[in-house]
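Trainee: I am new to this structure. Please show me how to read its features, one at a time.

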Amino acid sequence: MTQLIAITKLAPRQISGLINDYLAISKFKVVAMLVLTAWVGLALAPDVGRGIGVQFISLLGIGLLSAAAAVINHVVDSEIDSKMARTRHRPVAKGRLSKLHALSFAAVIGVSGFLMLMIWANTLTAILTLFALVGYAFIYTSFLKRATPQNIVIGGLAGAMPPLLGWVSETGQMAAAPWLLVMIIFTWTPPHFWALAIARKSDYERAKIPMLPVTHGIDFCKTCVVAYSVLLTLVCVLPYLIGMSGIIYLIAATLLNSMFTYKAVKLKLAGNDETAMDLFRFSIVHLMLLFVALFIDKWFLI
Ligand code: HEM
Ligand SMILES: CC(C)=CCC/C(C)=C/CC/C(C)=C/COP(=O)(O)OP(=O)(O)O
């Protein structure tokens, strides 16, 4: 409450700074992508006649809980973040936002998101989304990240959940099909992150975080990136094989995964930091286009 009273006394310039800080600690671009994948999960679920309004609120609830998880990550990681060049200017690491302030913000958006899911989606979606929050904000951030180079492989499951969450928000039940979409993001996450970790290895060394390039060397990490990009290519065929998606999706997935694997092999054979960052940036475009293709294939090209 005191935080809220203090906010009402801020000048417009300070308010826009505060909004920017809130967006930064929410990892809003990552959350936007998570919501896109949840939306596609929702759109591919059997039509149960829910209105657009409740669908929108369900996605908002998933987005708010994801953002709350990201804020907790900023609080738990503030010491680590202050040691790394990429993250040292973050609001909590820099001290612009206190931990209490950030946690209060996480509580407000997290509780709002949870209630939205309980009221306008269903209990199963609310509980599963809460599991994903705990998986990312506590199991990955507080424990796995500091404990094992497999941190992002195991922790990646939390970030891969949104298509299932979107699907279950429609049907109220688990099904096998959305797990294929989860598997796609699950196999996409290691090359997505390791490409960045290769380019930012010195950051992780300084912060003493056991990321794969630090513990096993850049060359081994590059081999893992290639292996996962081949695995990703295979997993992406599954929605077509079970008849969940059609030929348009298959063509888009094949083109995107060929490019992904090409960039991964290029990184392995003659890569430097720039090649690694090129793959990292492409991984984001790749996942976005892949999920847009799933949506177009289902809704426009039957
Ligand atoms: C454990 C799993 C993951 C790890 C460790 C990870 C790691 C990262 C890191 C370190 C960044 C750079 C952030 C920065 O620029 O400061 C990033 C960016 C990004 N990630 Fe991930 N990521 C994971 C999962 C995901 C998932 C599941 C998605 C979406 C479905 C995603 C989407 C993005 C996007 C869109 C960006 C760009 C953000 C920006 O430009 O600000 N990531 N990721
Ligand atoms: C409810 C739900 C779906 C939760 C998932 C939430 C979420 C924001 C997942 C994204 C994963 C991610 C950006 C990991 C990077 O963390 P990091 O600490 O390794 O990266 P950093 O150094 O950039 O902070």
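Mentor: We go from the whole chain to its two parts, then to the ligands and some single residues. This is a predicted model, in which local features need pLDDT of at least 70 and side-chain atom pairs count only at pLDDT 80 or more, while totals for chains, interfaces and linings use all residues. Residues are numbered from 1 along each chain as its sequence is written, and chains are lettered from A and ligands numbered from 1 in the order in which they are written.

Trainee: How many helices and strands are there in the protein?

Mentor: Helices (H or I, at least four residues) and strands (E, at least two) are DSSP runs, numbered from the N terminus. The protein has 17 helices and zero strands. Its radius of gyration is 20 Å, close to the 19 Å from the globule rule for 302 residues, so the protein is as compact as a globular protein of that length. That radius is taken over C-alpha atoms, and the rule is 2.2 Å times the number of residues to the power 0.38. Along the principal axes, the C-alpha trace spans about 55 × 50 × 35 Å.

Trainee: What share of the residues is buried?

Mentor: A residue is buried if 20 or more other C-beta atoms lie within 10 Å of its own, exposed if 12 or fewer, and partly exposed in between, with C-beta atoms placed from the backbone. Buried residues make up 45% of the 302 residues.

Trainee: Into which domains is the protein divided?

Mentor: Domain bounds come from an automatic or database domain assignment. Here they give domain 1 (13–172) and domain 2 (176–302). Their centres, taken over C-alpha atoms, are separated by 21 Å. The contact between them takes 26 residues from domain 1 and 27 residues from domain 2. Two residues are in contact if their C-beta atoms, placed from the backbone, lie within 7 Å. On the side of domain 1 that touches domain 2, the largest share, seven residues, comes from helix 3. By class, that side has 17 nonpolar, five polar and four charged residues. For these classes, Ala, Val, Leu, Ile, Met, Phe, Trp, Tyr, Cys and Pro count as nonpolar, Asp, Glu, Lys and Arg as charged, and the others, Gly among them, as polar.

Trainee: Which residues surround ligand 1?

Mentor: A residue is near a molecule if its C-beta atom, placed from the backbone, lies within 6 Å of it. For ligand 1 there are 19 such residues, and the closest are K29, M33, I152, G159 and F193. Helix 3, helix 9, helix 11 and helix 17 (273–299) each supply at least two residues of this shell. Domain 1 and domain 2 each give at least three residues to the shell around ligand 1.

Trainee: And which residues surround ligand 2?

Mentor: Ligand 2 is surrounded by 20 residues, the closest being S66, A69, A132, Y136 and G159. Helix 8 gives the largest share of this shell, six residues. The shell around ligand 2 has eleven nonpolar, six polar and three charged residues.

Trainee: Helix 9 supplies residues to the shell around ligand 1. Is helix 9 mostly covered or uncovered?

Mentor: Helix 9 is mostly covered, with seven of its ten residues buried. Among the buried ones are I152 and G159. The cover over the buried residues of helix 9 includes helix 3, helix 8 and helix 11 (177–199).

Trainee: Where do K27 and K208 lie?

Mentor: K27 is in the loop between helix 2 (12–25) and helix 3. K27 has a positive phi of about 45 degrees although it is not a glycine. With 18 other C-beta atoms within 10 Å, K27 is partly exposed. K208 lies in the loop between helix 12 (201–206) and helix 13 (212–216). K208 also is not a glycine, yet has a positive phi of about 60 degrees. K208 is exposed, with 10 other C-beta atoms within 10 Å.
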